[in-house]
Amino acid sequence: MVSLSPSYTSLILLVGLLFSEATIVNSFDYGDALDKTLLFFEAQRSGKLPASQRVKWRGDSGLSDGYAQGVNLVGGYYDAGDHVKFGLPMAFTVTMLSWSAVDFSGDLVSVNQMAHTLEAIKWGTDYFIKAHPKPFVLWGQVGDGASDHYCWQRAEDMTTSRTAYKLDPENPGSDLAGETAAALAAASLAFKPYDSTYSELLLVHAKQIFSFANRFRGFYDESIGNAKQFYTSSSYADELLWAATWLYRATKDEYFLKYVVDNCVSLGGTGLAVKEFSWDNKYAGIQILLSKILLDGAGGQYTATLQQYQAKADYFACACLQKNDGYNVKMTPGGLLYVREWNNLQYTASSAFLLAVYSDYLAKSKSVVKCPSVQVQPQELLTFAKSQADYILGKNPKSMSYLVGFGQSYPLHVHHRGASITSISLLQSAVGCVEGFESWYKRAEADPNVIYGALVGGPNANDEYFDSRSNYEQSEPTISGTAPLVGLFSRLHRLPAGPYNPGSPNSSAPYHKPQGPSPKTYTPSPTTKPAVPVEFLHSVTSSWTVGTETYYRHKVIIKNVSQKPITQLKLHFESLTGSLWGLSPTQEKNTYELPAWLKVLEPSSECTFVYVQGGAQAKISIQNYH
């Protein structure tokens, strides 16, 4: 437990903003949401759990990680509903937690959550220190994403590969190394008021890792090929700027500010205008952080370039607020920012966090956002950020909280191995790889363990959410998606209290009621069915051997080759001995149907599923369709 001295507490509580928030009121108990969010990171811990562990259904796990390669990589965080320790999203998670602790320190202290926040950060930074045993070596991953996803087990029962993967001069990874340097630099700022020695240690590692990232350039997923199908990197240019930006804020060393200025064009900092902020794309975060230097009046000889960065920061804010002359972030009918089909709420959370941060920067300097046809006041950014947080917490068309454990209605079938299987403290016998799928993954009952504070992937573009473990695009939480909520909820908790009725989504603006007529349902006409309405495109995408048994990953594409939409498609499998993803099991043995979020297979459209087993492939036949 990190203790806070009264002097630090008093000092932090003196910090205030220079603008009034009387017109924005607190719609939810953001303090409770914050408390639950921090619990999620305890549920994701790998390694030897401390005596202060609050999530009691978890146990020790991954206690020999790295030992096969002669390095101690025990600790860190599991990425999502699986048990791989992916370095890139884990580092982004720590950066976001640290940014929250730095910018919203007073808010976290006021609700007695600073200690838990620093503990969450330190669980990651301690692991990064272990993963960086030499200046130009960084261990970037533990676990095999492919084999891990073929098993449904508790972390305490893992039987899958715990191979560790590293970066070095011959196998570079500027994106992963850059993000790790950013995380350590940001964390050094978070710890500086409380543990200056640890803060300095983090800074030493941050500088060395940045030097490694900058000197030996390359994509991490080309060096760690196993990560490519899970966390593909689109660029490493943003991570280099991101790391330098955080190192400048942590050190005030002009070298790092000059780096982001000199490389503003070659690395895309002033040339790229973006509409998302995520573990893969840091440009909006860079642009807003560098705008702070300008807004604080510290631009000096670099003012002209920093103004270009701020123009791009304004572009991002205007796009979120739907004031960017048509070049806006898409929104659902219910008012949710919608960036990606898969795990969209991670983008919503990170965007709302950035808007809250930028709002404070602008308010302090009495500045505004310059959109194409209007100037936007800082308070409007905060109001919009609040609308996204409120959507997440239940102010949406389904009146459902997408933060597990918060509110009266929230997801009960989370795509998370540990949450879905009875705690090892109650069920002490090991749960096997395939047994987990058969006995726990397919259960209709709610998860036996509530994974408090997990932000699930969230609703689709039409504000629809299907609460199913097999619906991993919507029901799986991630550490990188949940991390921005710590700062966001901290900032919103500062708002004056206001009434809210969770049963009424229209109780306060800006909830958008869906417009237009109700969607029509398809009723099939009684025509003769084509002999073969769908075709199956079968391929084997990978294989591996465990002992004497060889396992194959089978990918099957279902394509509607008829001229009409297909509903209620049921498929029967023969000789299926392994695990299957992408279809929903029915009550009939060996019979599956389209996933809940795909009700209709339109003409020429496709649906993909995957199964893993040894020996020959399964035989698939159509049992029923309309």
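## Around helix H8

Let's start in this predicted model with what lies over the buried residues of H8: the cover includes H5, strand S2 (138–142), strand S3 (164–167), helix H7 (174–191), H10 and H11. Those buried residues of H8 are Tyr198, Ser199, Leu202, Leu203, His205, Ala206, Ile209, Phe210, Phe212, Ala213 and Asn214.

H8 itself has 20 residues. From its first C-alpha to its last, H8 reaches 29 Å, close to the 28 Å expected at 1.5 Å a residue.

## Helix H11 and its cover

H11 spans residues 254–262, and its buried residues are Phe256, Leu257, Tyr259, Val260 and Val261. Helix H8 (196–215) turns up again here, as part of what covers these buried residues. The cover also includes helix H10 (237–251), helix H12 (283–295) and helix H13 (303–320).

Have a look at the start of H11 too: there, a side-chain oxygen of Asp253 comes to within 2.9 Å of the backbone nitrogen of Tyr255.

## How H3 meets H5

Two packed helices are described by the angle between their axes and the distance between the axes. For helix H3 (residues 87–103) and helix H5 (residues 114–130), the axes come within 10 Å and cross at roughly 145 degrees. The crossing is left-handed.

On the H3 side, Met90, Ala91, Val94, Leu97, Ser98 and Ala101 make the contact. H5 brings Met114, Thr117, Ala120, Ile121, Gly124, Thr125, Tyr127 and Phe128.

Terms used:
Residues are numbered from 1 along each chain as its sequence is written. This is a predicted model: local features need pLDDT of at least 70, side-chain atom pairs count only at pLDDT 80 or more; totals for chains, interfaces and linings use all residues. Side-chain values use heavy atoms; hydrogens and water are left out. Axes are lines fitted to C-alpha atoms, for helices over the stretch in contact, and angles run from 0 to 180 degrees between N-to-C directions. Helices (H or I, at least four residues) and strands (E, at least two) are DSSP runs, numbered from the N terminus. A crossing is left-handed if the near helix is turned anticlockwise from the far one by less than a right angle, and right-handed if clockwise. Contact means heavy atoms within 4.5 Å. Buried means under 20% relative accessible area, exposed over 50%, partly exposed in between (1.4 Å probe, protein chains only). A polar contact is a pair of N or O atoms within 3.5 Å; within protein, one must be able to donate a hydrogen and the other to accept it, and residues adjacent in sequence count only if both atoms are side-chain atoms. The expected span of a helix is 1.5 Å times one less than its number of residues.
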